[in-house]
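Me: Hey, I've just opened a structure that's new to me. Can you walk me through it?

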Amino acid sequence: MKTVLIIDDEEKLRALLARILKSEGFDVLEAGDCKSGLKSVEINDIDVVLCDVKLPDGSGVDMVSKIKQKKSQVEVILLTAYGNIADGVQAMKNGAFDYIVKGDDNDKIIPLLHRAIEKVQLQKRVKELEKRVEDKFSFQSVIGKSKAIQQAIELAQRVAPNDTNVLLTGETGTGKEVFAQGIHQASQRAGKTFVALNCGAFGKDILESELFGYKQGAFTGANKDKKGLIEEANNGTLFLDEIGEMPLELQAKLLRVLETNEFIKLGDTKTSKSNFRLIAATNRDLKIESEEKRFRSDLYFRLNVFQIQLPPLRERVKDIEALLQFFVTQFSAKMNKKMLIYSDEFLKKLETYKWVGNIRELRNVIERAVILSDDQLDIESLPFEIQQSEPAAKNGQLSAFSMESIEKLHIQKVLNYAKGNKAETARLLEIGIATLYRKLEEYNIH
């Protein structure tokens, strides 16, 4: 039932109008002045307000903006005994849905209410969809409580409100686009366009046209003008995944855009402008790539204003069970299956596997297991290579010949040399402090 509040100091007229609206299926509340009307708006879930213009303690025209300040989604229809053009104009400026004259426009009230209710319902649906999008792409959607992932989330939350360029680094499948979406949603550009492009998915010519757009006739097949993603991202966020794959020639053009906010479409002679925030991601070490002339050092420094290293899944083993539960729930619902349980052996196999493809690989493995299982996820539903894989560590001890063992011993040695100073240890090892803390946690070094 939709709720209508009537604000009118004429008690008999208010009661009559209330009876009419109730007979039409509306839930009706009443108030006799501005003060009690505003109080009712505050404490009740009201859809539409029918408000008289002349009230004992104020003007209905002024009430429109006051109601909108309290609850912007509430629609207000003003009623007046005498039509006044100036009042009508001001009421509409203040956000009124409509302005009608008592007596002359009585037959308009019910149709007007229905139209106002439709607008309110539409606004509520839009807000619900926006909330779903926000929930889906916010940091709340990042699954995991391990120290490694929480440190990455904290860094992302700190940089999100600023307009700083962000470089997300980490192995393939660690969730870089999820973090990019989260940064966008937590920024001042939330609600604006978020545009994503994988730079490794296209050749040089196609990538250039996708980024910069083109004019009709710029090349064979360019039958009409096309906006590039740089232009599409104006006032929003541009996410360039695998930016380390971008050809050097395009890197120079991208650098100019970042420095001037100007670009030239293919086949055009004049410059265009775009105000966007750049979030880039790569699984390469761009510092090494730039030193070896495979990536422009000036672009690297421009991108690397704020770097966030996303941990691989093997460094956040504690999160695997939470990810497992999420994916099982997701795929069970998608395949119309009852919620599947999993055996201890199944979970243990997941926790001791190396996960080269990280979360993306885990997701695919769980989807396959749900397809193959009816009641319980067992080891037999895992791919053969996972079934036959050896644990990454046996009895909590590293093999003396493994790379992990060598790394652990080296970190311990440098930490001792630095007399326990972690910042100095990270500097000597030439790694980030967040990476060092992850390694200390992984190898249980104190």
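Me: What should I know before I start?

Reply: This is a predicted model, where local features need pLDDT of at least 70, side-chain atom pairs count only at pLDDT 80 or more, and totals for chains, interfaces and linings use all residues. Residues are numbered from 1 along each chain as its sequence is written, and side-chain values use heavy atoms, with hydrogens and water left out.

Me: OK. How many helices and strands does the chain have?

Reply: There are 19 helices and 18 strands. Both are DSSP runs numbered from the N terminus: helices are H or I with at least four residues, strands are E with at least two.

Me: And what's the radius of gyration of the chain?

Reply: The chain has 30 Å, while a compact globule of 446 residues would be near 22 Å. That radius is taken over C-alpha atoms, and the globule rule is 2.2 Å times the number of residues to the power 0.38. Along the principal axes, the C-alpha atoms fill a box of roughly 95 × 65 × 50 Å.

Me: How much of the chain is buried?

Reply: 43% of the 446 residues count as buried. Buried means under 20% relative accessible area, exposed means over 50%, and partly exposed is in between, with a 1.4 Å probe and protein chains only.

Me: What about charges, how many positive and negative side chains are there?

Reply: The chain has 66 positive and 67 negative ones, and the centres of the two sets lie 3 Å apart. Lys and Arg count as positive, Asp and Glu as negative, and His and the chain ends are not counted. The place of a charge is NZ of Lys, CZ of Arg, CG of Asp or CD of Glu.

Me: Switching topic. Which residues touch the most other members in the largest nonpolar core?

Reply: Leu211, Leu238, Leu240 and Met246 do, out of 28 residues in that core. Elements giving it two or more residues include strand 9 (194-198), helix 8 (204-212), strand 12 (237-241) and helix 10 (248-260). Helix 10 gives the most, with five residues. A nonpolar core here is a set of buried Ala, Val, Leu, Ile, Met, Phe, Trp, Tyr and Cys residues joined through side-chain atoms within 4.5 Å.

Me: What is leucine 240 in contact with?

Reply: Leaving aside neighbours within four places in sequence, its contacts include Leu197, Leu211, Met246, Leu254 and Leu278. Contact means heavy atoms within 4.5 Å. There's also a second, separate core of 23 residues, and Leu323, Phe346, Leu350 and Leu377 are among them.

Me: Where is isoleucine 379?

Reply: Isoleucine 379 sits in the loop between strand 18 (376-377) and helix 16 (384-387). At 23% relative accessibility, isoleucine 379 is partly exposed. Apart from residues up to four places away in sequence, isoleucine 379 touches Glu345, Phe346, Lys349 and Gln387. From isoleucine 379 to leucine 350, 29 residues apart along the chain, the C-alpha separation is 9.4 Å.

Me: Is glycine 213 buried or exposed?

Reply: Buried, with a relative accessible area of 0%. Glycine 213 is in strand 10 (residues 213-214).

Me: What's the phi of glutamate 242?

Reply: Phi is near 50° there, a positive value in a residue other than glycine. As a rule, most residues other than glycine have a negative phi. Glutamate 242 lies in the loop between strand 12 and helix 10, and is buried at 13% relative accessible area.

Me: And what about the phi of asparagine 336?

Reply: Asparagine 336 has a phi near 55°, a positive value too. The residue lies in the loop between helix 13 (320-334) and strand 17 (341-342), and at 72% relative accessibility asparagine 336 counts as exposed.

Me: Last one: what does leucine 429 touch?

Reply: Not counting residues up to four places away in sequence, leucine 429 touches His410, Ile411, Val414 and Leu436. Leucine 429 belongs to helix 18 (residues 422-429) and counts as buried at 18% relative accessibility.
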